Amino acid sequence: MTWDVAVAAIAGPGLPGFHLGERFQAELRAAPEPYGTTPDQLYVAERVIWDPWESHWIWAPALARDGYGKAYRNGKDRMAHRAAYEAFRGSIPDGMTLDHLCERRSCVNPWHTEPVTNRENIRRGRRSDTSETCGAGHPWAEFARWQTLANGNSYRKCRECHRLRDRDLFRGAPLTVPKRVADTHCSSGHELDEANAYLNPDDGVIRCRTCQRGNESRSKSARRLEELTYRAALLDRLAVTEGSPRVA
């Protein structure tokens with residue numbers, strides 16, 4: 001697989017729901033190469049593949065099921081990008097998580113991650129959304145409304161969802177009316193009993209928890225495969241092998 005083909009396959013169709021401004025993308029590409037002066041820094045630097053085109057530090061050892069790097073340091077299993085951030089930039093504030101600004105999960109470059117709240121990280125995660133419709137099924141091409149933040153980042157909202165929500169609020173109607181309440185089983189045959197059924201607040205449809213867990217599992221596997229594909233294409237481009245003793 002060539003580099004261009006791999007990147008095209010990873011990028012996928014559709015428009016992102018949230019993207020970084022050009023200035024921030026340039027700053028990410030200007031991040032330093034792997035280096036190390038302390039034992040913790042050397043531990044990270046010796047286990048990454050340097051991507052000179054995008055300044056990624058791609059984790060060479062094992063990846064978790066969701067595509068993030070797995071590290072083992074001081075007798076403990078760690079997420080590699082968190083270990084790298086603490087080694088090079090200091091401790092992560094309590095209650096904060098790291099957002100991958102570069103959107104490359106296997107990247108552990110500490111200048112490609114930013115401490116944010118979990119709520120903010122979830123909101124920013126919409127930039128990786130390649131769907132063609134919003135959660136209620138309205139086409140993004142027709143109803144997308146983009147908003148730009150002061151820092152240059154932008155995200156989209158669905159104008160039709162906002163219109164319907166405002167209409168229901170004005171009429172005093174409930175925001176969600178349960179649908180498919182008469183169904184006893186989902187389309188996969190799972191029983192929709194009290195323990196297995198839940199109401200999706202986005203569209204008011206009764207959903208199957210068993211199917212949802214299966215979808216999440218497949219989604220994580222797809223993310224890991226995406227990172228492995230990127231790493232293999234990068235190694236091919238750099239003309240090195242997976243067994244190279246020094247990849248950084």
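The following questions and answers go through a predicted model of one protein chain.

Student: How many helices and strands does the secondary structure of the protein chain come to?
Tutor: The protein chain has 248 residues, and 34% of them count as buried. Among contacts with a separation of 6 or more, 53% are between residues 24 or more positions apart. The secondary structure comes to eight helices and 11 strands.

Student: Which element gives the most residues to the largest nonpolar core?
Tutor: The largest nonpolar core has 13 residues, and V44, V48, W57, W59 and V108 touch the most other members. At least two residues each come from α3 (39-45), β2 (48-51), β3 (56-59) and α4 (80-89). With four residues, the element that gives the most is α4.

Student: How many residues are in the second, separate core?
Tutor: In soluble globular proteins, nonpolar side chains tend to be buried together. L28, I49, I58 and C102 are included in this second core. Its number of residues is nine.

Student: Which residues are in contact with W59, leaving aside its neighbours within four places in sequence?
Tutor: W59 is one of the residues that touch the most other members of the largest nonpolar core. Contact here means heavy atoms within 4.5 Å. Beyond those neighbours, W59 is in contact with Y43, V44, R47, V48, G69, K70, A71, A80, S106, V108 and R231.

Student: Why is α4 described as largely enclosed by the rest of the structure, and which of its residues are buried?
Tutor: Seven of the 10 residues of α4 are buried, so this helix is largely enclosed by the rest of the structure. The buried residues pack against α3, β3, β4, β5, β6 and β7. Just after the helix, G90 takes a positive phi of about 105°. The buried residues of α4 are A80, H81, A83, A84, Y85, A87 and F88.

Student: How many residues apart in sequence are the parts that D40 and R73 tie together?
Tutor: Side chains of opposite charge can pair when their charged atoms come close. The side chains of D40 and R73 meet in a salt bridge, at 3.0 Å from N to O. D40 lies in helix α3 and R73 in strand β4 (residues 70-73), so the pair ties together parts whose separation in sequence is 33 residues.

Student: Is D40 buried, partly exposed or exposed?
Tutor: Buried means under 20% relative accessible area, and exposed means over 50%. D40 has a relative accessibility of 36%, which lies between these limits. D40 therefore counts as partly exposed.

Student: What is the N to O distance in the salt bridge of R78 and E86?
Tutor: R78 is partly exposed, with a relative accessible area of 27%. E86 is also partly exposed, at 33%. Their side chains meet in a salt bridge, and the distance from N to O is 2.9 Å.

Student: Which residues do salt bridges with shared partners join into one network?
Tutor: A search of the whole structure finds five salt bridges. One of them is between E227 and R104, at 3.1 Å from N to O. This pair links helix α8 (residues 209-238), which holds E227, with the loop between β6 (97-100) and β7 (113-116), which holds R104; the two residues are 123 residues apart. Salt bridges that share partners make one network of R104, E226 and E227.

Student: In which sense do β4 and β5 pair?
Tutor: K70 stands opposite M79 in β5. The hairpin of β4 and β5 has two residues between the strands, and N74 takes a positive phi near 55° there. Over four bridges, β4 and strand β5 (residues 76-79) pair in a sense that is antiparallel.

Student: Which residues line the second largest pocket?
Tutor: This pocket holds about 170 Å³ of space. α3, β5 and α4 each supply at least two residues of its lining. The lining residues are D40, Y43, V44, R73, N74, K76, R78, A83, E86 and A87.

Student: Is E160 buried or exposed?
Tutor: E160 lies in helix α7 (residues 159-171). Not counting residues up to four places away in sequence, E160 touches H138 and F143. Its relative accessibility is 15%, and the limit for buried is under 20%, so E160 counts as buried.

How values were computed:
Residues numbered from 1 in each chain as written. Predicted model: local features only at pLDDT ≥ 70, side-chain atom pairs only at ≥ 80, totals over all residues. Heavy atoms only, no water. Core = buried A, V, L, I, M, F, W, Y, C linked by side-chain atoms within 4.5 Å. Buried < 20%, exposed > 50% of the residue type's maximum accessible area, 1.4 Å probe, protein only. Salt bridge = Lys/Arg side-chain N within 4 Å of Asp/Glu carboxyl O. Pairing = 2+ DSSP bridges. 1 Å grid on protein atoms, 1.4 Å probe; cavity = no way out; pocket = protein on both sides within 12 Å on 5 of 7 lines; lining within 4 Å. Points joined across faces, edges and corners; volume = space filled by probe spheres on them.
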